[in-house]
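Reader: I have a structure open on my screen and would like to go through it with you. Could you take my questions one by one?

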Amino acid sequence: MTDYHRTTTMFRPGSRTLPRECYTSAPLLEEERERIFARGWNCVGRASRLEHAGQFFVREIAGDSILVVRDRERTLRAFFNICRHRGTRICREESGRFAGTIQCPYHAWTYATDGRLVGAPHMQDVEGFDKADYPLHQAAIAEWEGFLFVNVAEHPEPFETAWAALEGRLSRYGLPGLAVGHRVRYDVHANWKLVFQNYSECLHCPTIHPKLATVLPYQSGANDLVEGPFLGGYMEIRPPNQSATMSGQACGRLVNGDLPEEDRHRGFYYSIMPNMLLSLHPDYVNYYLLHPVAVDRTIVESEWLFHPDTLSDPSNRIQDAIEFWDLTNRQDWDIVEQSQLGVSSRRYAPGPYSPRESVPAAWDREYRRLMGRD
């Protein structure tokens, strides 16, 4: 097992919250898109969405529309969703399956699913024109534990370097083999950073989440990732509860039958920059993808993952897990919306963090580093 460190060991005295403009400045949000989202490895969802050759879905990253597709050789690809002819957006649908090629709706330039230009009407009359010079612009793509990540930078940091701290850390959960049992989209009227910061501490749990606090005591557990872009650790599931569900009972079989005994009584919670929150339980996993659309508005997409045998069992209790976190999530969205209103006040000033808020303080330090303000 990982060597865990109590939250108090990483607290830096004097840590304070971020200034007002971090939550209210539209120009700063644009800078965040360029410095954080356009340079980072953004999670775009599960690889299982692209089981078959030609399947695709579209994501927006830092203002760019990105087409994620499995080509005819079953290789995963990510392309900027623009035609090389006159820049027209090629794909309007959010998801689907290409019959064999990708065609621009404007002048019918046509691409193979690996991005090669294979058809360009009347361009044979243009001297020196070579289709090989005009493939779709590619973005870097990587897969980790069944999740897909895309980087739109021209020269991205290699995924294996950026993700070194997480390599193999969660393999015991068998994440690639899990299946989606439920998905939901939340529209949160708060800055994306407030969502990250709220997720990163449970000091608020006794007052905001009375149900959660009976299952996951906020003073339990420890953190194993305490600095950098990946932060978090575990909380103990209080007996006789078996999992983080409304009833306290497991909602199905273990996500992995080989899960170590100590992890069968814990929930693990990680924030993964720039846009992912990951929650792991003995019998299910749920995750969240954050999409900042304005300084005071964030779209949060979430999926609940289960062992396939759980989903095929008519007596499963997956709704027990779904309701537990949907309740908790809505409580969180309500309080971060109140936070947004408060930090927007002209009288707001950064306040001190307590030792129980060491993870959001560490998150703020990483944010400042990425923004060039450390």
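Reader: Which residues does Ala62 touch, not counting residues up to four places away in sequence?

Author: With those sequence neighbours set aside, Ala62 touches Arg33, Phe37 and Ala38, where contact means heavy atoms within 4.5 Å. This is a predicted model, in which local features need pLDDT of at least 70 and side-chain atom pairs count only at pLDDT 80 or more, while totals for chains, interfaces and linings use all residues. Residues are numbered from 1 along each chain as its sequence is written, and side-chain values use heavy atoms, with hydrogens and water left out.

Reader: And where is Ala62 found?

Author: Ala62 is in the loop between strand 2 (55-61) and strand 3; strands here are DSSP runs of E with at least two residues, helices are runs of H or I with at least four, and both are numbered from the N terminus.

Reader: What pLDDT does the protein average?

Author: The average is a pLDDT of 95, and 97% of the residues score at least 70, on the predictor's scale of confidence in each residue, from 0 to 100. Over residues 1-9, however, the pLDDT is below 50, although this stretch has 25 contacts in the model beyond near neighbours in sequence. Where pLDDT is low, the predicted coordinates should not be read in detail.

Reader: Changing topic, at what angle do helix 4 and helix 8 pack?

Author: Helix 4 (residues 192-199) and helix 8 (residues 318-343) pack at about 125°, with their axes 10 Å apart; the axes are lines fitted to C-alpha atoms, for helices over the stretch in contact, and angles run from 0 to 180 degrees between N-to-C directions. The two helices are therefore oblique to each other, since angles under 35 degrees count as roughly parallel, over 145 as roughly antiparallel, 65 to 115 as roughly perpendicular and the rest as oblique.

Reader: Which residues of helix 4 meet helix 8?

Author: Leu194, Val195 and Asn198 of helix 4 do, and their partners in helix 8 are Asp332, Trp333, Ile335, Val336, Ser339 and Gln340. By class, the residues of this contact of helix 4 with helix 8 are five nonpolar, three polar and one charged, where Ala, Val, Leu, Ile, Met, Phe, Trp, Tyr, Cys and Pro count as nonpolar, Asp, Glu, Lys and Arg as charged, and the others, Gly among them, as polar.

Reader: How far apart are the axes of helix 4 and helix 9?

Author: The axes of helix 4 and helix 9 (residues 358-370) are 8 Å apart, and the packing angle is about 140°. Trp192, Lys193, Phe196 and Gln197 of helix 4 make this contact with Pro360, Trp363, Asp364 and Tyr367 of helix 9. Five nonpolar, one polar and two charged residues take part in the contact of helix 4 with helix 9.
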